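Here is a short report on selected features of one protein chain. Please keep the sequence and the model open while reading.

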Amino acid sequence: MNDSLTRRNVLKATGGLAVLGLAGCTGSAAPEAGNQISHDEKTTESGGGHEHAGGTIGEPAEHVTVTMLTEDDGYHFHPHVVHVKEGGTVTFELESGTHTATAYHPDNDAPRRVPEGTEAWDSGVLSESGATYEVTLDKAGVYDYYCVPHESVGMMGSIVVGDPPLDGPGMSEPSDDIPEDAHAKVTELNEMVETGLSGHDDGGHDDGGHDDGGHDDDGGHDDDGGHDDGGHDDDGGHDDDGGHDDEGGHDDEGGHDE
């Protein structure tokens with residue numbers, strides 16, 4: 001074997017041969033409630049295809065199941081995005097076809113799209129219907145994974161663990177190490193995660209649950225502090241001459257004539 005043929009390429013080659021000519025479109029298992037991206041999924045009569053729209057992420061679960069499928073319209077992980085608690089477990093279950101669940105990790109000869117400091121995981125090739133593989137994830141973050149034989153056609157998924165930041169490796173733009181034809185799928189997953197988590201940003205309520213302190217911008221008073229200019233007219237309650245006329249109560253001659 002050529003030394004340059006990496007483990008990743010070997011799996012692609014063997015997995016591709018294993019699924020060659022396999023037929024079948026079987027119904028997917030119902031995802032567990034409250035732990036997946038909620039999105040619209042439409043199945044067409046002609047091809048069984050489906051479309052995805054943004055939704056919200058449910059509360060994280062202790063355990064979720066992701067089904068691995070070969071269908072007439074392609075290859076899928078279902079649901080595409082799931083949400084577990086820190087220390088939660090994801091079970092991958094093969095329903096049809098031949099697939100892997102492989103983390104985007106340098107130890108898998110793949111670019112990093114999982115949190116720093118986490119270990120690589122890889123199911124290996126699963127080909128018997130009902131076969132399962134489990135992974136437990138302790139660190140909050142977004143974990144992207146793929147099927148080795150079908151990465152180039154976009155068989156990828158994301159696991160959201162806990163309440164992660166959105167600037168980790170799993171939310172980065174697709175790198176050149178990922179097949180170009182699969183870049184759109186990476187972008188789609190990123191958008192699904194970002195949209196799903198955005199419903200958690202404000203804690204489920206608007207700006208603190210109230211407006212600006214329950215009063216208007218002037219603290220419950222009008223612009224002049226709740227009263228006019230001190231209750232006086234502009235001249236302090238006196239007329240312009242201090243309460244007497246310009247002559248101080250006298251005529252110009254001091255109160256008497258010449």
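The report below covers aromatic pairs, backbone geometry and surface charge.

## Basis

The model is predicted. Residue numbers start from 1 along the chain as its sequence is written.

## Aromatic pairs

The structure contains six aromatic pairs. In one of them, the ring centres of phenylalanine 77 and phenylalanine 92 lie 6.1 Å apart. Their planes meet at 70°, so this pair is edge-to-face; the cut-off for that class is over 60 degrees. The two residues sit 15 residues apart in the chain. Phenylalanine 77 belongs to strand E2 (residues 74-78), and phenylalanine 92 belongs to strand E3 (residues 81-94). Phenylalanine 77 and phenylalanine 92 are both buried.

Phenylalanine 77 also pairs with tyrosine 145. Here the centres are 4.7 Å apart and the planes stand at 75°, so this pair is edge-to-face too. Tyrosine 145 lies in strand E6 (residues 141-146), so its pairing with phenylalanine 77 of strand E2 ties together parts that are 68 residues apart in sequence. Phenylalanine 77 has a relative accessible area of 1%. For tyrosine 145 the value is 0%. Both count as buried because that class covers values under 20%.

Which residues do the ring pairs link into a cluster? They are Phe77, Phe92, Trp121 and Tyr145.

## Backbone geometry

Most residues other than glycine have a negative phi, and most peptide bonds are trans. Two sites in this model deserve a look on that account.

The peptide bond between histidine 78 and proline 79 is cis, with omega about -5°. Proline 79 falls in the loop between E2 and E3.

Aspartate 109 is not a glycine, yet its phi is positive, at about 55°. This residue lies in the loop between strand E4 (102-103) and strand E5 (132-137). Is aspartate 109 buried, exposed or partly exposed? Its relative accessible area is 37%, and it is partly exposed.

## Surface charge

Where is there a patch of negative charge? Asp176, Asp177, Glu180 and Asp181 gather in one on the surface.

Glutamate 180 is a member of that patch. This residue is placed in the loop between strand E7 (156-161) and helix H2 (183-198). Glutamate 180 has a relative accessible area of 70%. It is classed as exposed, because that class starts over 50%.

Definitions and conventions:
This is a predicted model: local features need pLDDT of at least 70, side-chain atom pairs count only at pLDDT 80 or more; totals for chains, interfaces and linings use all residues. Side-chain values use heavy atoms; hydrogens and water are left out. Patches are made of residues with over 30% relative accessible area and no salt bridge: like charges are joined within 9 Å, nonpolar side chains (Val, Leu, Ile, Met, Phe, Trp, Tyr) within 5 Å. Accessible areas come from the Shrake-Rupley method with a 1.4 Å probe; for residues, only the protein chains shown count as cover. A salt bridge is a side-chain nitrogen of Lys or Arg within 4 Å of a carboxyl oxygen of Asp or Glu. Lys and Arg count as positive and Asp and Glu as negative; His and the chain ends are not counted. The place of a charge is taken as NZ of Lys, CZ of Arg, CG of Asp or CD of Glu. Helices (H or I, at least four residues) and strands (E, at least two) are DSSP runs, numbered from the N terminus. Buried means under 20% relative accessible area, exposed over 50%, partly exposed in between (1.4 Å probe, protein chains only). Rings of Phe, Tyr and Trp (its six-membered ring) pair if their centres lie within 6.5 Å; planes under 30 degrees apart count as stacked, over 60 as edge-to-face and the rest as tilted.
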